[in-house]
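This report is for a reader new to the structure shown below. Please look at the sequence and the model before reading on.

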Amino acid sequence: MADLSLSHPKGFFDYLEDAIPKLVLAPTFLAALVFIYGFILWTAWISMTQSALLPNYRISAGYRITTKALTKMKNEGVSENVLTKLRILEKHERTDKKSKFLRDVKKQIGAEQLRIYQDVILTHSYSHDLFIATCIALGLILAIFLDQRIRAEGALRTIYLYPMALSFIVTGAAWKWILNPDLGLERLVRNLGFAEFNFDWLVNSDMAIYTVVIAAVWQSTGFVMALFLAGLRGIDEAIIKAAQVDGASLPRIYLRIIIPSLRPAFLSTVIILSHIAIKSFDLVMVLTRGGPGYSSDLPATFMYAFAFNRGRLGFGASSAMMMFFAVMAIIIPYLYSELRKTRYA
Amino acid sequence: MGSKLIKRMLVVMAVIFMVSTYAFGGEVEVLHWWTSGGEAKSVGVLKKQLENEGHTWKDFAVAGGGGDAAMTVLKSRAVAGNPPTAAQVKGPQIQLWGDEGVLANLDDVAKAENWDQLLPKVVADVMKYEGSYVAVPVNVHRINWMWANPEVFRKAGAQIPTTWEQFEEAAKKIQKAGFIPVAWGGQPWQEATVFEMIVAAVGGSDFYRSALVDTDSKALNSATMVKSLEILKMIKSYTDKGAPGRDWNLATAMVIQGKAAMQFMGDWAKGEFTAAGKSPGADYIAMPAPGSSGQFLFNVDSFIMFKQKDPEAIKAQNAMARLILQPEFQEVFNVNKGSIPVRLGMPRAPFDDPALRSMNAFVASASSGGLVPSMAHEMAVFPATRGAIMDVVTDFYNSDMSAKDAAAKLAREVEAVR
């Protein structure tokens with residue numbers, strides 16, 4: 001091998017050459033640090049304040065002066081001067097989620113409003129799991145089939161991957177028309193002669209959330225398939241040949257050798273899909289707008305509505321932090337378990 | 001010498017161009033979402049009037065009906081310390097903006113132009129923050145209208161209803177004749193619009209005020225509220241399956257085309273009929289929603305004015321506020337948009353029959369106490385409260401919750417966001 005050591009002592013330009021990769025990445029790194037992590041901290045700050053329409057950086061006081069309390073004070077002879085000051089203080093301390101917990105008088109009623117949010121995140125979390133599980137299952141099956149060295153592999157791969165090129169807005173609009181009972185699939189099958197065919201999931205309060213899952217799965221399965229296909233192609237043929245020599249059946253080979261060696265691909269897939277699932281906002285807005293009633297509301301749409309439409313920035317920020325913690329609760333243990341073990345090539 | 005001189009000349013020209021865009025006379029930057037045909041034309045009128053007085057108009061239109069996108073943009077501008085001169089904000093949101101301390105005081109213009117005399121007190125109160133004018137109203141929409149296709153009624157042998165009992169009879173006949181009785185748009189704001197029409201009809205103006213304006217828990221969890229919710233649910237059986245998610249103008253189209261018999265919607269629906277070439281009385285009938293003929297649920301669009309530092313800009317801002325409430329703009333804007341002038345005592349000639357009836361009702365209800373702000377259109381309560389009410393109403397409408405449970409839930413949810 002050629003001797004790459006320099007024939008002269010290291011000068012300024014050599015240090016510069018070594019540092020070029022770091023310099024090139026530095027702006028991006030700085031931007032990510034400030035705009036992603038810095039603003040996560042900003043949101044955490046806002047979630048503890050009483051921000052209503054615009055950000056207000058005072059951390060909330062933790063109690064509230066209600067009109068009932070004011071009337072009681074007035075009846076007990078508290079001066080009008082003091083009452084006015086209290087009313088002004090009250091106006092500047094709009095409630096947010098944190099202070100509701102601390103109020104013992106209205107704890108019951110405060111919890112009620114929180115319960116809507118909990119209903120949304122708890123009852124619709126299964127839709128996220130369903131989306132991720134379905135995408136992985138379908139993507140893996142498609143990748144395994146495509147890996148069989150079939151003839152039109154390139155064309156098929158493109159066809160399956162194509163939906164990923166669409167934005168969620170386009171996907172939402174197209175599926176909204178397809179799933180519309182009067183215009184889309186139901187009408188088509190009825191016109192074909194099946195007069196009692198029903199597929200009104202889109203307008204059904206109970207089933208609307210599953211239409212969101214259908215549209216999202218259609219969009220993301222191709223991407224998952226591509227990831228798994230790349231993983232499959234990276235598996236060493238020698239191990240499989242050895243297993244076949246030992247007499248293992250094909251399903252056994254797949255279950256015991258191939259799928260476990262796809263673990264890095266599983267990790268990437270779960271992380272990417274769960275981030276798509278948690279942040280899915282545009283798809284829901286276009287497909288169902290929150291669904292009949294609010295049956296297909298997701299945490300992101302809830303957060304947007306409260307932070308921007310309903311003038312409760314502090315409350316919206318709290319719900320955003322809840323989403324953040326929910327994602328962290330999944331990702332951190334998974335990351336830890338995957339990256340801790342030493343990997344054998 | 002040649003190239004150096006040319007370079008210097010280019011620099012000088014560039015500097016001149018930069019400086020020459022500085023406008024003399026104030027500049028008004030106006031944020032609004034009036035981007036569709038008639039609305040944009042009306043905004044153009046105000047722009048021309050301002051320019052005739054020597055000011056410049058910088059348009060800041062953000063499309064998206066209802067103004068969600070515009071409000072978000074406005075908030076980011078306000079946080080950045082650079083709000084526009086005027087923004088299209090209405091109802092109690094004006095109070096929220098006033099709390100942030102960024103609004104300009106329009107009392108000079110108000111006194112000079114005698115606004116207290118020209119506006120009904122209910123409307124003027126919405127425009128004031130702590131006693132001073134901070135916003136200028138542009139128009140008045142009436143919410144509680146019913147738009148009916150007389151042909152469909154005739155074919156079904158039904159009468160156009162004036163009470164909710166008559167509605168049920170007529171709807172049954174229309175359904176039997178094979179038409180859709182009610183053209184419905186299944187969006188929360190539309191459901192809330194019809195809900196408040198029913199509350200006003202069933203409970204009367206005083207009940208409406210205590211339930212949907214003062215949000216008194218006893219009024220929200222009362223037998224009258226349960227009855228209103230039951231009527232709302234009753235309407236659902238007379239709508240079609242494709243209703244969820246439908247836009248309001250598509251529902252109006254159903255009435256225009258004769259597929260449906262009636263729609264409960266505000267007076268902006270008139271624009272759809274006019275655009276389709278239909279004439280009032282002959283092709284469509286506009287009536288107050290059943291039971292609410294004495295009530296006027298109003299929605300007043302307004303511009304709030306932000307504090308400005310530049311004296312020229314302040315002059316331009318005051319000019320804009322003054323021009324908006326003057327008869328010329330009031331007439332042109334409202335004829336084009338389909339609403340009625342908010343200024344009392346306007347000449348009646350340019351307005352068509354439904355608008356004239358609306359203007360009469362506006363004046364009559366102002367004195368009788370039937371002039372009430374619309375909750376569904378952000379005139380009566382703060383956004384969070386309105387959101388809570390709409391959540392319960394839309395959930396009730398789209399699920400099999402009982403009316404009693406819904407009324408109790410209404411009271412609870414409103415308390416929770418108070």
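The sections below go from a whole chain to single residues.

## Basis

This is a predicted model, in which local features need pLDDT of at least 70 and side-chain atom pairs count only at pLDDT 80 or more, while totals for chains, interfaces and linings use all residues. Residues are numbered from 1 along each chain as its sequence is written, and chains are lettered from A and ligands numbered from 1 in the order in which they are written.

## Chain B as a whole

Chain B holds 19 helices and 13 strands; these are DSSP runs, numbered from the N terminus, with helices being H or I of at least four residues and strands E of at least two. The radius of gyration of chain B is 24 Å, close to the 22 Å that the globule rule gives for 418 residues, so the chain is as compact as a globular protein of that length. The radius is taken over C-alpha atoms, and the globule rule is 2.2 Å times the number of residues to the power 0.38. Along the principal axes, the C-alpha atoms of chain B fill a box of roughly 90 × 45 × 45 Å.

Of the 418 residues of chain B, 52% count as buried. A residue is buried if 20 or more other C-beta atoms, placed from the backbone, lie within 10 Å of its own, exposed if 12 or fewer, and partly exposed in between. Among contacts in chain B with a separation of 6 or more, 77% are made by residues 24 or more positions apart; a contact is two residues whose C-beta atoms, placed from the backbone, lie within 7 Å.

## Where the chains touch

In chain B, 31 residues are in contact with 28 residues of chain A. Four helices of chain B, α3 (68–79), α4 (93–99), α18 (383–398) and α19 (403–417), each supply at least two residues of the side that touches chain A. The most comes from α18(B), with eight residues.

By class, this side of chain B has twelve nonpolar, nine polar and ten charged residues. Ala, Val, Leu, Ile, Met, Phe, Trp, Tyr, Cys and Pro count as nonpolar, Asp, Glu, Lys and Arg as charged, and the others, Gly among them, as polar.

## The nonpolar core

A nonpolar core is a set of buried Ala, Val, Leu, Ile, Met, Phe, Trp, Tyr and Cys residues joined through C-beta atoms within 7 Å. The largest has 183 residues, of which Trp147(B), Ile304(B), Met305(B) and Ile324(B) touch the most other members. Helix α9 (residues 208–233) of chain A gives the most to this core, with 13 residues.

Leaving aside neighbours within four places in sequence, the contacts of Trp147(B) include Thr252(B), Val255(B), Met262(B) and Tyr284(B).

## Two residues with positive phi

Most residues other than glycine have a negative phi. Glu130(B) has a positive phi, near 50 degrees, and sits in the loop between β4 (128–129) and β5 (132–133) of chain B. Glu130(B) is exposed, with 8 other C-beta atoms within 10 Å.

Thr215(B) also has a positive phi, near 45 degrees. Its place is in the loop between α10 (188–213) and α11 (217–220) of chain B. Thr215(B) is buried, with 23 other C-beta atoms within 10 Å.
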